[in-house]
Amino acid sequence: MEQVKKAKHNPLFHIVKKQDISLRNKWIIKVAAIGVAFLICAFISMGMGGTFGGFFSKIFNACFVNSRTGGASATKILDLLENTVILLLIALALVPAFKMKFWNIGAEGQIVVGILMCAVMQKYLGPAMNLQSAGMRFLFFVVTFAMSMIAGALWGFIPAFFKAKFKTNETLFTLMMNYIAILLTKVVIMTWDPVKGDIQAFDELTYLPKIGGSQLVLNLIIAVVVAAIIFVYLRYTKHGYEINVVGGSQRTAKYVGINVKKVIMRTMIVSGAVCGLIGCLLLAGEHNNLTSTIVSGRGFTGVMIAWIAGLGPIEIGLYSLICAFITKGSRSVNYNTAFPNIMLSVCFFVLIACEFFVNYQIRSEKIENWMHAKFPKLFKKKEEAEANQVTPQVAKKEGK
Amino acid sequence: MAVFQLLLKNSISLLTVFLFGSTGEIVTEKSGHLNMGIPGIIALGGLGGVIGECLYINNIPNPAAPNVFLCIFIPIIFTILFGAIAGLLFSFFTVSLRCNQNVVGLCLTTFGVAITTFFFTSSKFLNFDYLFYAGNYFKSMIFPGKVTSELNFFVEVLFSHGFLTYFAILIAILVGFTLKKTNLGLAIRSVGENPSSADSTGINVTKYRYLTTMVGAMIASLGGLYLIMDHGGGVDPASMDMESYGWLAVALVIFSMWKPSLAILGSFVFSILATLPNVMSFSGANRHLMEMLPYVMTIIVLIVTSVFKFKSNKAPESLGLSYFREDR
């Protein structure tokens, strides 16, 4: 008896995988999710004692408007763009590793090491060279960038080596490397300046030169160029292809003759090197004094962006912009340092959830049947269209 | 000798945080869910406890003399509630919405740590002034009265802690027993090893994964309560670094080979490393070097366990994979 009862019981909802989704629908869902994320953020800020409209106007003002003149502010927009591009770059640096299904949570640490190496160069190499001449200064930057990239690459290589050789859990490994990198920075800061515990500044000339009154311009240019190179590397080179194959299935890769271990290590070296470069940009171009909190969680934000964007370059760009917008904007809504992270994580939750609606569909037979019975007109057109679609295929099969 | 005693005593005190965290994570991972949100859950648990305690102790006429029972059980209930909500959030995203567990976990960590830091650093919402009165009760629930140096070495090291320490050890043993010896444990393990065959034998995979994630989150959240109310004594909750302790707790699961009984030992080792820089009173650069120890240790553990693979130290087969019936 009981079995019969169980068999009769149909769940109200069930979940079906979508066969394919049109690009338009996908973007409608994503844009809707972004809208929902902003709404939730606005409600949270209302809970903290703001107004609904005030939230949006404050964020907008913080990102675009010059508070003195009321017009557009070039510095603010430039700053927003630079933040966007840095996030974009971090996410793009992670894409090769993620494509390979290598969980590199250690972007933060790789960037920090890059920063540290850049600082070492600024402190020791800078004074040793005659930076007044343009040629020497150029050479200095080339060396500094190269060294930072090597440092980042090393930080990425260590977990990759053990992953490739022994299948060591890379998620926790890279995470621990983050902490070690941050503590290493603290050690260096303390040895250089045991009293105050922070390095105010290095030689002016060891910073990236200003273009149009702001260092951010050069930063922006370098970042865009690097982003383009990574994109090309992934899309159009043999290495990029190999990464894709390894990510798809390691067995297939072995079968085709790809050296999987080599690909894992090489890809992480690339990923780490780009992170190291970002570190250099952050210190020499954005912050200009060494602290252990320059990155301030942007490595993790990059991880989220890369994943939520489904590793697609356009989505990464869009989400980076939104994240930079929210981070910068919410600082003006509430002055607590943790507030931007609350907003960011809420947005991420919504965006993660929206992936579900892109990939799956909730169907309910009971409701569908009820709808069919009550409003047959609604379904007439659809059924006709389906019927028309089916007939030619059936005819073909019969013809065979 | 005094330093050695202090080191052991503080380590056993800190052990509780790691043990709660890793026991919770073991329960979750045994059912095939890799919950990277443990640091966030620990933080949220701490926040819940502090909110509960503040609600109680700020609303009684004499905060210096609270009702012992209420003063301890209100925060515990709030902590468990917050932990359960966090666990529910995680399992809703990973089980029902089938999102990637790593990403949801990281997101939960960011969220939990951020919201906790927010409430702890802004004085607008909560008043922490009387919290330390309650902290005293947490510290001396089981062995009331002063535990001083008159007592001998071992008694002070082993029995001078708050009740939550012994509760953590009890829970770890209980969880170990349940997972290994009972039908419930068998069902949980089968869901973690091979969900589709578990499903075919009539085990409700969704139900078990929700259950274990929530129970695991509840256990882990107690770590946050302990860290703030007992280890920190309710003084300055913002100074507690819950995120890094949480990550170490996650790493401990691998160290303990998914066995809660071994997690007790592992927590002790890790807490010795974590308390060393405080006890040895290092300062400046040396201190930061010492602070690296637990992380370096974790990496060594990760490498060693991956180089020497025993039959017993394997992760659950389908750890980190969402289960979707139609995928078969």
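# Briefing: a predicted two-chain model

The largest nonpolar core holds 215 residues, and Ala91(A) and Ile278(A) have the most contacts inside it. Helix 11 of chain A, residues 260-287, gives the largest share of this core, with 15 residues. The model is predicted. It scores ipTM 0.89 and pTM 0.89. The points below take the core, each chain, the contact between the chains, the loops and the confidence in turn.

**The core**

- In soluble globular proteins, nonpolar side chains tend to be buried together.

**Chain A**

- Chain A has 16 helices and two strands.
- Its C-alpha trace spans about 85 × 60 × 45 Å along the principal axes.
- Of the 400 residues in chain A, 42% are buried.
- Take the contacts in chain A between residues at least 6 apart in sequence: 76% of them join residues at least 24 apart.
- Chain A is divided into two domains: domain 1 covers 2-21 + 365-399, and domain 2 covers 30-360.
- The centres of domain 1 and domain 2 of chain A, taken over C-alpha atoms, are separated by 46 Å.

**Chain B**

- Chain B has 14 helices and zero strands.
- Its radius of gyration is 20 Å, close to the 20 Å that the globule rule gives for 328 residues, so chain B is as compact as a globular protein of that length.
- Along the principal axes, the C-alpha atoms of chain B fill a box of roughly 60 × 45 × 40 Å.
- Buried residues make up 52% of the 328 residues of chain B.
- Among contacts in chain B between residues at least 6 apart in sequence, 82% link residues at least 24 apart.

**Where the chains meet**

- On chain A, 37 residues are in contact with 38 residues of chain B.
- Four helices of chain A each supply at least two residues of the side that touches chain B: helix 6 (134-166), helix 7 (170-192), helix 12 (298-308) and helix 14 (339-359).
- Helix 7 of chain A gives the largest share of that side, twelve residues.
- By class, the side of chain A that touches chain B has 26 nonpolar, seven polar and four charged residues.

**Loops to look at**

- Ser296(A) is not a glycine, yet has a positive phi of about 45°.
- Ser296(A) sits in the loop between helix 11 and helix 12 of chain A.
- With 16 other C-beta atoms within 10 Å, Ser296(A) is partly exposed.
- Met257(B) also has a positive phi, near 50°, in a residue other than glycine.
- The place of Met257(B) is the loop between helix 11 (242-255) and helix 12 (260-279) of chain B.
- Met257(B) is partly exposed, because 16 other C-beta atoms lie within 10 Å.
- Ala72(A) lies in the loop between helix 3 (52-64) and helix 4 (74-99) of chain A.
- Ala72(A) has 10 other C-beta atoms within 10 Å, so it is exposed.
- Setting aside neighbours within four places in sequence, Ala72(A) is in contact with Phe64(A), Val65(A), Asn66(A) and Ile77(A).
- Ala72(A) and Cys347(A) are 275 residues apart along the chain, and 26 Å separate their C-alpha atoms.

**Confidence**

- Chain A averages a pLDDT of 83, and 91% of its residues score at least 70.
- In chain A, confidence is highest in helix 6, at a mean of 91.
- Confidence in chain A is lowest in helix 1 (residues 2-8), at a mean of 46.
- Over residues 1-7 of chain A, pLDDT stays under 50, and the model has zero contacts beyond four places in sequence for them.
- Where pLDDT is low, the predicted coordinates should not be read in detail.
- Chain B averages a pLDDT of 86, and 95% of its residues score at least 70.
- In chain B, confidence is highest in helix 2 (residues 38-57), at a mean of 92.
- Helix 6 of chain B (residues 153-159) has the lowest confidence in that chain, at a mean of 74.

Notes
Residues numbered from 1 in each chain as written. Chains lettered and ligands numbered in written order. Predicted model: local features only at pLDDT ≥ 70, side-chain atom pairs only at ≥ 80, totals over all residues. Buried ≥ 20, exposed ≤ 12 C-beta atoms within 10 Å, placed from the backbone. Contact = placed C-beta atoms within 7 Å. Rg over C-alpha atoms; globule rule 2.2 N^0.38 Å. Nonpolar A, V, L, I, M, F, W, Y, C, P; charged D, E, K, R; others polar. pLDDT = per-residue confidence, 0-100. Domains from an automatic or database assignment. Core = buried A, V, L, I, M, F, W, Y, C linked by C-beta atoms within 7 Å.
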